[in-house]
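Welcome! Have a look at the structure first, then follow the steps.

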Amino acid sequence: MELIRTKLVPPLESGGLLDRPRLRRLLSEAPRRITLVKAPAGYGKTTLLAQWSEALSRQGVRVAWLSLDRQECSAKAFASSLAAMLSANATAEGLGLNFRNETYYDADGLLAMVIERLSAAPVPVFVMLDDTHVLSADAIDMLGVLFRRAPSNTRFVIATRDTAALELGVLRAYGQLLEIGMDALKFSREEASALLAANGHHDLSPGDLDTLMERTEGWATGLKLAALALDGCADADRSAQIAAFSGRRRAVADFFAEDVFAIQSGDIQDFLLATANLDRLSPPLCDAVAGRNDSVAMLRRLEEIGLFIAAVDDEGNWYRYHSLFADFLRRKLAERDSAAEARQQRAAADWLSRNGYWTEALEQALRARDFDRLGGYLETIAEEFTYTGRLGVIARYAAHLPEAIFFRCPWTMISVAWLKIRAMRHAESRRLLDQARACLDQRQAADEGGDSEILRRTIEHREMMLAAAHDEAADVEQRCQRLMRYFNGIRPYLACTIHGQLLIARREQFRFEGIEKLYADGKAIAEQSGYSFALISLQAAAGASLFANGRAEAARTALENGFAESLKWTGRNSGLAALVALPLAEVLYESNESERAADLIEGHLPAAREMSFPDQLVSGHIVASRLFAARGDIAGARRTLDDASAIALECDLERLRLAVIHEQIRLLLRSGMPEAASRLLEWAGLPVEPEGCLPQAGATTREETRAAIWVRMALSYDNTREALSVIKQWRSFCAQRGALRLNVRWSILMAQALLLSGDGRAAQRQMREAIANAAPAELVRCFVDEGTVVRSILAEAYADNIASDHPTDLFAQRVLEAFEGKRPTGAHAVPDEGLYGRLSGKELEILTLVGCGMRNREIGSRLGLSEGSVKWYMQQVYDKVGIRRRSQAVERARQFGLIA
């Protein structure tokens with residue numbers, strides 16, 4: 001037999017190939033007896049062996065190479081090829097003559113001579129055998145004998161698509177086998193970029209490269225074919241060309257057709273086409289779709305012969321085709337039988353649904369355009385998917401249903417409605433709930449409502465959630481009480497959400513009695529039922545409510561637990577995580593843990609609209625604004641509030657609107673812009689008389705915020721008498737109702753009003769009361785954010801307790817220290833020279849008189865103000881000019897030309 005000489009050398013000039021250092025490093029493991037490189041066609045097996053051969057040769061290692069083909073159809077032909085390989089590489093002297101006279105030897109004799117000559121080799125020998133999958137059965141047997149009998153100085157490196165006939169178990173057991181598979185040979189993103197660059201495509205965008213990696217899955221030949229497809233393609237068309245790259249493209253399809261599909265048996269071809277439309281393959285699924293009963297053996301055979309199939313679990317129960325190969329198979333199937341695709345998809349959908357693989361069943365029904373089947377599946381799973389955090393799956397597939405079918409699926413409609421409620425799309429959710437009620441009425445009229453009662457109550461639950469999204473606290477409480485009587489014990493997930501919304505509704509109405517029991521009951525329901533997903537929204541509601549009640553430690557625990565649970569479900573920066581992250585940021589900010597609060601705001605505020613209610617939107621935007629202001633970035637604070645104002649207007653959220661206005665006015669007044677604050681108050685249509693600001697029996701936090709806005713404006717106008725009247729009533733109201741956090745706010749405002757009215761000692765007493773109430777909850781920032789006036793009162797109130805170890809006194813010192821550290825350093829620092837806010841006309845007038853040497857009492861008499869009011873204004877001046885001494889404040893103002 002004449003052997004083609006090119007079979008005895010690597011077929012490629014490896015020096016011109018892409019260098020892949022991570023694969024080169026595998027040479028360090030090659031001293032094992034056998035290195036097996038197994039992968040489907042086109043994965044670069046031959047290229048890898050060629051590069052290794054060259055690298056070994058450069059190191060002075062003896063390498064023998066043999067490229068196998070169908071000529072090795074017998075054991076004798078294979079033995080002859082081995083002998084020729086050794087002879088051509090001068091690895092074993094004397095074999096050349098034996099090779100030329102092979103007629104006189106049988107296969108065993110030739111193999112014995114090959115082994116004998118290998119044993120006599122003075123140096124280690126690497127034998128590289130490419131494409132061993134073409135060997136006949138008796139040749140494979142001979143290869144096994146060679147493995148067992150070859151001397152210890154011989155190392156084998158073999159490349160193959162198929163290991164079915166190779167007996168490798170013993171070699172694996174004894175650690176003599178290094179296996180390099182398809183996953184190792186796949187090109188990484190960086191390698192793919194280098195390969196494309198080497199082919200003239202060095203400026204692909206990251207998005208295009210990601211798409212190409214997704215299409216090819218790192219398959220070397222696929223990347224090369226993609227590079228060819230891009231040759232001559234205009235830059236403007238490149239992204240479209242890459243997006244369209246698939247196994248249906250002619251170059252790719254031809255490769256699969258000629259080098260892969262055509263060489264398979266008819267039975268394998270039939271199986272491949274019968275399962276072409278399956279995203280995942282398991283034996284029973286393949287049996288159901290292909291009408292077979294031997295899919296276990298067939299899938300194992302496909303894996304053994306390396307037919308672009310990969311296991312997706314460790315047990316070998318599930319497989320999948322390479323995406324380009326699957327595209328090719330689907331094209332091939334469509335050419336043979338255009339109706340087969342839909343049949344396969346319907347059969348797959350039915351099997352998947354029967355076995356609980358609902359998401360895949362939905363996908364197959366959608367691909368088959370079988371919308372009746374799709375709607376039926378959605379109705380079956382809508383409730384369970386809602387309770388397990390998969391509302392998005394329901395909404396995604398429901399969006400494909402024709403309206404006529406969708407409106408016959410009430411469970412699907414109310415699931416989608418809940419998602420739209422969470423996204424504040426109230427009009428759409430209202431429409432869906434109305435349509436679901438109409439569908440329910442039709443069922444009852446036709447006497448078809450086996451589940452009518454539970455469906456009706458679930459619709460009522462969604463209507464309660466819609467009312468909660470609108471922040472209608474009293475209505476929500478009434479609905480929750482009715483629903484709780486029905487759902488306790490039968491729908492634990494819904495019962496848990498009812499407990500959460502009842503917590504919020506009662507808190508917003510200043511009703512804190514029993515909130516810990518309400519939280520504990522809801523938590524127990526969720527934990528006993530196994531619906532841990534329901535805990536997240538409950539913990540968000542409980543955390544915010546406990547914090548408002550002054551139970552900061554319990555609030556923090558609830559929110560931290562909810563945040564940790566949300567990360568298990570959706571990871572960071574998701575709408576679900578924002579549900580608890582934003583109230584948690586508020587708790588952290590108030591205790592002056594600004595760095596972590598800022599991290600939570602930055603990561604989760606952008607996602608707040610995905611799955612948030614007023615609690616999250618108020619907490620997130622107000623804390624974000626205050627963080628900007630604390631860094632000296634007033635413009636950033638205002639932008640944040642403008643964004644929140646737009647959301648409030650779009651979604652008709654009065655609580656958010658008022659919180660934003662309150663913060664805007666607070667910033668304007670601190671910046672010395674009372675006229676702008678007055679215009680904002682007028683534009684917002686808020687009360688200008690104290691009578692509309694007093695607490696009533698049914699008051700909510702919205703009325704409280706309106707009152708706080710009015711009081712701030714009244715103090716800016718020196719209307720201290722009426723302001724004090726409103727403050728006292730709200731402070732008493734909050735104290736009686738257990739709203740400790742708001743009580744602290746009113747106490748701080750009262751201290752400022754008392755100072756403004758000239759009663760400094762009363763102001764100090766009031767500040768002490770505020771500190772005593774704030775200390776257990778560690779409410780630091782509510783003092784610091786009020787500015788220098790509050791700092792001055794606080795410092796004077798605790799001047800005699802500077803060394804006290806009493807917990808309240810220690811907390812007061814902590815607050816004072818926070819004042820000292822409130823101006824940041826670094827990129828956001830405010831320069832030493834300059835103003836920290838614009839001085840108002842009144843402040844400039846007072847500062848001018850101070851510059852003339854007048855005392856506070858004289859200035860007050862001159863301007864018709866009390867001595868306390870003058871002192872209050874001077875504290876504002878100190879805060880804005882960054883100086884706390886009268887003479888220095890005057891000098892700073894003169895430097896900037898503010899006064900003569």
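**Exercise 1.** Find what covers the buried residues of H15.

*Solution.* Helix H14 (266-274), helix H16 (295-304) and helix H18 (340-354) are among the elements that cover the buried residues of H15; contact means heavy atoms within 4.5 Å. Helices (H or I, at least four residues) and strands (E, at least two) are DSSP runs, numbered from the N terminus.

Before going on, note that this is a predicted model, where local features need pLDDT of at least 70, side-chain atom pairs count only at pLDDT 80 or more, and totals for chains, interfaces and linings use all residues. Residues are numbered from 1 along each chain as its sequence is written, and side-chain values use heavy atoms, leaving out hydrogens and water.

**Exercise 2.** Work out which residues of H15 are buried, and on which side of H15 they lie.

*Solution.* Step one: in H15, which spans residues 283-290, the buried residues are Pro283, Leu285, Cys286 and Val289. Buried means under 20% relative accessible area (1.4 Å probe, protein chains only). Step two: these residues are on the same side of H15 because they cover an arc of only 160° around the axis, the arc being that of the directions from the helix axis to the C-beta atoms.

**Exercise 3.** Now describe the whole chain: how many helices and strands does it have?

*Solution.* The chain has 47 helices and seven strands. Of its 900 residues, 56% are buried. Its C-alpha atoms fill a box of roughly 130 × 80 × 55 Å along the principal axes.

Methods:
Buried means under 20% relative accessible area, exposed over 50%, partly exposed in between (1.4 Å probe, protein chains only).
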